[in-house]
Amino acid sequence: MDRLGIGFLCGFGLPPIEFVNLTADLGCRYMSAVVRGAPLVALDYPPYSLADPKLRRDVLAAMDERGVAISLGDGFLITPGAEAHAFAGDLDALAELAVPRINVVSLDPDLARSFDQFAILTDLAARRGIQTVVEPVPGLTVCDLPTALQAVRHVARREFGVLIDTMHLARSGSGAADVAAVDDDRIGYAQLNDTTLRPRGDKHMQHMGYMEEAMFERMVPGEGELPLRDILSALPRDVVIEIEVPRRSLALAGVSPIDRLRPCVAAARRLLSEICAGPTG
């Protein structure tokens with residue numbers, strides 16, 4: 001089964017029709033999307049909104065023509081004082097696009113309130129046939145896998161699970177054994193990328209904080225230090241593996257999205273084929 005997807009973050013605001021074509025041209029079946037897109041890097045992409053019915057129709061037609069599906073609706077943020085009920089319209093738009101799951105993170109430092117908002121969002125999404133996954137990110141409220149599993153226990157619904165991002169997993173102190181200890185039905189999605197085990201010390205990266213590195217400069221799988229084969233082996237065999245490798249320096253140097261991502265897709269396919277081949281290769 002083709003498990004590979006292309007993460008919206010790789011495109012820095014590339015409009016959705018172009019992203020569908022990029023995904024197909026890379027030979028991948030899946031892509032992630034945000035409801036409201038804005039250029040994250042100065043690449044002259046226009047903002048867009050999937051709340052626009054015409055754009056949704058055009059995206060559906062493009063996906064049907066190219067054999068691509070949206071595997072994840074990203075960009076759902078829990079913020080202080082805001083209510084998850086406000087996402088109802090965004091969820092309606094994603095439901096029309098047959099999006100099977102959404103990803104949520106919390107910027108609200110109140111952990112208990114974050115968990116309660118996750119429960120509200122999960123209920124809203126489930127009414128529309130959409131599952132919810134929480135992504136643990138160092139520095140955010142749900143900062144690691146143990147905290148994400150606390151959220152899973154709090155929400156206590158089969159529609160709520162965890163997203164495993166290889167960079168966030170390793171930098172927060174967890175590894176493949178921790179992933180393997182989680183029930184398969186609690187892991188709903190994965191994002192693949194590479195980095196160093198500690199903050200990168202080269203001159204190019206020294207001025208960057210963790211979130212800037214995560215948003216803009218990750219590494220091609222196999223070019224960093226993460227135990228990616230072990231982590232991927234610990235994941236459920238049917239989970240989508242989304243390539244999330246934003247490379248801003250290359251984008252600003254004029255390297256096209258497809259040329260930035262080709263090495264990532266090739267590396268991901270090599271890793272998955274090695275896992276399928278087993279220890280004897």
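Which β-α-β unit do β7, helix α5 and β8 make? In this predicted model, in which local features need pLDDT of at least 70, side-chain atom pairs count only at pLDDT 80 or more, and totals for chains, interfaces and linings use all residues, the unit formed by β7, helix α5 (residues 145-155) and β8 is right-handed, a term that applies if, with the strands pointing away from the viewer, the path from the first strand over the helix to the second runs clockwise. Residues are numbered from 1 along each chain as its sequence is written, and side-chain values use heavy atoms, with hydrogens and water left out. Helices (H or I, at least four residues) and strands (E, at least two) are DSSP runs numbered from the N terminus.

Strand β8 (residues 160-165) has six of its six residues buried, that is, under 20% relative accessible area with a 1.4 Å probe and protein chains only. Pairing, which requires at least two DSSP bridges between two strands, is parallel between β7 (residues 131-134) and β8, over three bridges, and Val-133 has Gly-161 of β8 as its bridge partner. Strand β8 also pairs in the parallel sense with β9 (residues 187-192) over four bridges, where Ala-190 of β9 is the bridge partner of Ile-164.

How values were computed. Buried < 20%, exposed > 50% of the residue type's maximum accessible area, 1.4 Å probe, protein only.
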